[in-house]
Number of protein chains: 2
Amino acid sequence: MDQNSLPPIHTTARDDAVLKALVRFVMQEALEPGQKLPTERILSDRLKVSRNTVREALTRWEGLGLVERRQGSGTYLKAAVSPDMLHLPLTLAGGNDFTSLMQTLEIRRALEAEAAALCAERASPADIAEIERKLDIMEQAFRTLDGMSSEEDWEFHQAIYRVSGNPLFEQIIAAMHELFHRFWEHPLGVRDFGHASFPYHRTIYECIAARDPRGARAEALKLIATVEDDLKRGAAKLKLSDLR
Amino acid sequence: MDQNSLPPIHTTARDDAVLKALVRFVMQEALEPGQKLPTERILSDRLKVSRNTVREALTRWEGLGLVERRQGSGTYLKAAVSPDMLHLPLTLAGGNDFTSLMQTLEIRRALEAEAAALCAERASPADIAEIERKLDIMEQAFRTLDGMSSEEDWEFHQAIYRVSGNPLFEQIIAAMHELFHRFWEHPLGVRDFGHASFPYHRTIYECIAARDPRGARAEALKLIATVEDDLKRGAAKLKLSDLR
DNA sequence: AGTGGTCCAATGGTCCAACCAATTTCTGCA
DNA sequence: TGCAGAAATTGGTTGGACCATTGGACCACT
């Protein structure tokens, strides 16, 4: 008998109940990111639970980046909430060393390739025009600055994620991007970092415009490969300087 | 003037300090996942902070899946901790409807393909033998039960993630698997769900054994494609029954 | 009108002491 | 020896208190 499907009842779920009530409240009041939530004392009073319980619930939301608490000011909504949210807490061991960056890149390669393929399948003419616009801006910045501009580059990739039609791509990559933000900009002291990846932006775009998922996937893989090479070059350089 | 070079100062950080002390403790004692942490009362006493503060710190860790609290028993470590951990809190809107499952599958397709390719590149002979063992068990279960066994199937895929050499794959997929696990087992009432995906498990293994990353990637894509087809069939079925 | 200073109420952060609820451990009887 | 019930342990909750920071109100002076 499969008794594993039986016991998911938690008679006590005080703080969870608080969060559920908060979701209801936020939706009812149509609160948007940036707006202020009721104070802890008011919540504690209205929900008939102790203020500590309210605090534990809010602490969880704060940990999930849903909310920001400012002492003396209040608690502010930081992201949109919906009744059926999925929380995917990821804790990555290891910091900013070469290995961690490499592992992150492998994840990005996986998602980037898939997003490009989906994008090639689903992009509307308007979407394609939008991506081309971002591409033009990026290429312009590349020429004037004589190098990759991480800002415009990022916008180009974001556009692809968005057009892929699956918001999860953008969310996952955005979270990683925020984490490694500093290192994706000036990683390991390689001066012309990302230079080699430049031409593949256009080839990816062309595959998308031609509705060629396989091609888009392949070009995306090539792009990340060049970034990985840059990273390895940077690591080798560091190793050399360690010997001095 | 560049006033951006004046970053906000952060004076107080009680609960953060508690977490840092806890990291130090865990490493010093070489605690491994599954082992018990000191009780809240002891921590509160030793660290000279209130039990509430300890609780808030532990609540954060619990939210990150680092720790599990069992009332009446204790607080247990659930994952390895290191001083430089990076937390990636993802909150995804969307629930258990068809669209969400489909989007999840697209993420899984991306990661599965990449993991299979990496696995084909890096697997040692021992790794390959281990994967073959899991494959045999799965095929055995398939024949005796006349259908996919999600447990053994999951073990097979987990082995691939592990051999890929990048722990992020396993972590991300495991988190998603935990979220959707009810639906990955009995999705949408399709009785022979996953049946069609069966042969591709062996073809993936063969590509890995042959050190063929491209082939492994392609076979993994095919496998997920069959699952997507099953899902679409299930959705169509539901739509029909809605009309009655 | 603007600048700086002071005060004060609101709000999140911390603390304490107690009790509740689930779990584990111990005890004593059969 | 076996096991049911008591006792200790441990996380969960409560209510109340005080501290630290914030932001607005008010005021004096320029």
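# Two chains and a DNA strand

Visitor: Which element gives the largest share of the surface near DNA strand D?
Guide: Helix 3 of chain A, with three residues. Helices (H or I, at least four residues) and strands (E, at least two) are DSSP runs, numbered from the N terminus.

Visitor: What am I looking at, and how is it numbered?
Guide: It is a predicted model: local features need pLDDT of at least 70, side-chain atom pairs count only at pLDDT 80 or more, and totals for chains, interfaces and linings use all residues. Residues are numbered from 1 along each chain as written, chains are lettered from A and ligands numbered from 1 in the order written, and side-chain values use heavy atoms, without hydrogens and water.

Visitor: How far is the side chain of Arg55(B) from a phosphate oxygen?
Guide: An N or O atom of that side chain is 2.3 Å from a phosphate oxygen of DNA strand D. For Arg69(B), a polar side-chain atom lies 3.2 Å from a phosphate oxygen. For Thr75(B), the distance is 3.3 Å.

Visitor: New topic. How many residues do chains A and B put into their contact?
Guide: Chain A gives 45 and chain B gives 45. Contact means heavy atoms within 4.5 Å. The area buried there is about 4600 Å², with 61% from carbon and sulfur atoms. Buried area is the accessible area (1.4 Å probe) that two parts lose on being put together, summed over both.

Visitor: How many salt bridges cross that interface?
Guide: The rule finds seven. It asks for a side-chain nitrogen of Lys or Arg within 4 Å of a carboxyl oxygen of Asp or Glu. One of them joins Glu106(A) to Arg122(B), with the closest N and O atoms 2.5 Å apart.

Visitor: What rotation superposes chain A on chain B?
Guide: One of 180°, with 0.3 Å of shift along its axis (RMSD 1.3 Å). That is the relation of a two-fold axis.

Visitor: Which residue of chain A comes closest to the axis?
Guide: Pro89(A), with its C-alpha at 1.6 Å.

Technical notes
Least-squares fit on C-alpha atoms with pLDDT ≥ 70 in both. Polar contact = N/O pair within 3.5 Å; in protein donor to acceptor, adjacent residues only side chain to side chain.
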